Amino acid sequence: MNNKIRYNNANRFFREKFGDKIIKVALDGGFTCPNRDGTLSYGGCIFCSEKGSGDFAGDRSLDIENQFEISKKKMNEKWKNGKYIAYFQAFTNTYAPLDYLKEIFTKASNLPDVVGIFIATRPDCITEDIAKFLSKLNEKIYVCIELGFQTSKKESIQLINRCYENEVFENCVKMLNKYNIDIIVHTILGLPYEDKKDMLNTIKYVSKFNISGIKLQLLHIIKDTSLHKLYVKKPFKTLTLEEYIDIVVSCIEILPPNIVIHRITGDGDKATLVEPKWSLNKKVVLNGINKELNTRNTFQGRLFGLF
Ligand code: SF4
């Protein structure tokens with residue numbers, strides 16, 4: 001078996017779905033987050049950067065069309081041809097009145113060569129009306145919701161200040177399923193005081209639901225976040241490269257075979273990443289994962305449902 005088919009990666013999914021190379025353009029819709037504006041808390045999730053975990057998004061002072069043009073130009077220096085996904089990543093991108101959401105996502109759907117809209121949000125910020133609208137939009141252009149979940153472990157949910165219970169996630173997934181909207185779930189590997197078993201439990205938990213994709217994100221300690229402050233005050237163990245590779249490969253083995261893995265490491269920013277520094281060398285991480293998959297002669301879904 002060759003590397004390319006040991007797990008479902010996003011590039012392959014996009015090429016099969018859209019018949020082209022897909023470039024994700026991060027746009028900033030000017031949103032905030034209930035976990036930061038005082039509605040739920042002021043602190044936010046402890047790992048979240050001041051840009052709402054959307055550090056590669058466009059300039060929020062510009063309108064969507066301008067942000068798109070600027071990002072597209074930059075991207076075209078690297079990739080000449082392809083189609084685009086409008087990616088709303090920073091903060092909570094459904095946390096606004098429905099009329100505003102209709103306006104901004106309809107604008108995004110009309111951008112040239114955009115074939116899909118990806119919307120990152122919290123499961124407690126999607127109402128039935130929002131889901132209905134997105135389902136309608138989904139008839140015109142591919143719409144996918146990315147849910148920040150991170151972990152299923154109760155103690156970790158408290159520690160990271162996620163501010164919603166697992167049941168909220170479950171209800172949201174069921175509602176989005178009802179409206180046939182694809183879901184990608186964000187998980188974090190390496191949260192403080194979690195061991196391999198805890199991380200695999202999170203993967204098993206999300207695998208029970210009807211989701212189309214997952215992001216396996218290595219925990220990044222970003223400068224000046226609450227997580228960074230905790231790390232300085234009371235240092236906790238971070239994953240080594242070898243441990244991360246072992247855990248990711250084990251996650252791949254227990255994931256359902258049909259789920260698309262949209263992220264398998266993370267894009268750290270050299271200027272703000274405190275730990276783990278080894279993750280800045282993405283090529284080494286990806287090669288290590290592929291090598292381990294080969295060594296174990298394993299693949300996505302090999303152990304799905306067995307534990
Ligand atoms: S929900 Fe998202 S934007 Fe809000 S604090 Fe958590 S990570 Fe940041």
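This report describes the overall dimensions, helix packing, ligand surroundings and backbone particulars of a predicted model.

**Overall form**

The protein chain is built from 10 helices and 9 strands. Its C-alpha trace spans about 45 × 45 × 40 Å along the principal axes.

**Helix packing**

| Helix pair | Angle between axes | Distance between axes |
|---|---|---|
| α7 (residues 196-207) and α9 (residues 241-254) | about 30 degrees | 10 Å |
| α9 and α10 (residues 282-295) | about 55 degrees | 9 Å |
| α3 (residues 98-109) and α4 (residues 128-140) | about 15 degrees | 11 Å |

Helix α9 takes part in two of these contacts, one with α7 and one with α10. Because angles under 35 degrees count as roughly parallel, the angle of about 30 degrees places α7 and α9 roughly parallel to each other, and α7 passes α9 in a right-handed crossing. On the α7 side the contact is formed by Lys196, Met199, Leu200, Ile203, Lys204 and Ser207, which meet Ile247, Ser250, Cys251 and Ile254 of α9. The residues of this contact of α7 with α9 comprise 6 nonpolar, 2 polar and 2 charged.

Towards α10, the angle is about 55 degrees, and α9 and α10 are therefore oblique to each other; here too α9 passes its partner α10 in a right-handed crossing. The residues that make the contact are Leu241, Ile245, Asp246, Val248 and Val249 from α9, together with Val285, Gly288, Ile289, Glu292 and Leu293 from α10. By class, the contact of α9 with α10 holds 7 nonpolar, 1 polar and 2 charged residues.

The remaining pair in the table, α3 and α4, packs at about 15 degrees, so these two helices are roughly parallel to each other, and their crossing is right-handed. Leu98, Leu101, Lys102, Phe105 and Ser109 in α3 meet Asp129, Ile130, Phe133, Leu137 and Lys140 in α4. Of the residues in the contact of α3 with α4, 6 are nonpolar, 1 is polar and 3 are charged.

**Surroundings of the ligand**

The ligand has 12 residues around it, of which Cys33, Asn35, Gly44, Cys45 and Cys48 come nearest. Sorted by class, the shell around the ligand consists of 4 nonpolar, 6 polar and 2 charged residues.

**Backbone particulars**

Most residues other than glycine have a negative phi, and most peptide bonds are trans. Against that background, two places in the chain deserve mention. The peptide bond from glutamate 275 to proline 276 is cis, with omega near -10 degrees, and proline 276 is found in the loop between β9 (273-275) and α10, the helix that also packs against α9. The other place is glutamine 150, whose phi is near 75 degrees, a positive value in a residue other than glycine; glutamine 150 lies in strand β4, which covers residues 142-150.

Definitions and conventions:
Residues are numbered from 1 along each chain as its sequence is written. This is a predicted model: local features need pLDDT of at least 70, side-chain atom pairs count only at pLDDT 80 or more; totals for chains, interfaces and linings use all residues. A residue is near a molecule or strand if its C-beta atom, placed from the backbone, lies within 6 Å of it. Ala, Val, Leu, Ile, Met, Phe, Trp, Tyr, Cys and Pro count as nonpolar, Asp, Glu, Lys and Arg as charged, and the others, Gly among them, as polar. Axes are lines fitted to C-alpha atoms, for helices over the stretch in contact, and angles run from 0 to 180 degrees between N-to-C directions. Helices (H or I, at least four residues) and strands (E, at least two) are DSSP runs, numbered from the N terminus. Angles under 35 degrees count as roughly parallel, over 145 as roughly antiparallel, 65 to 115 as roughly perpendicular and the rest as oblique. A crossing is left-handed if the near helix is turned anticlockwise from the far one by less than a right angle, and right-handed if clockwise. Two residues are in contact if their C-beta atoms, placed from the backbone, lie within 7 Å.
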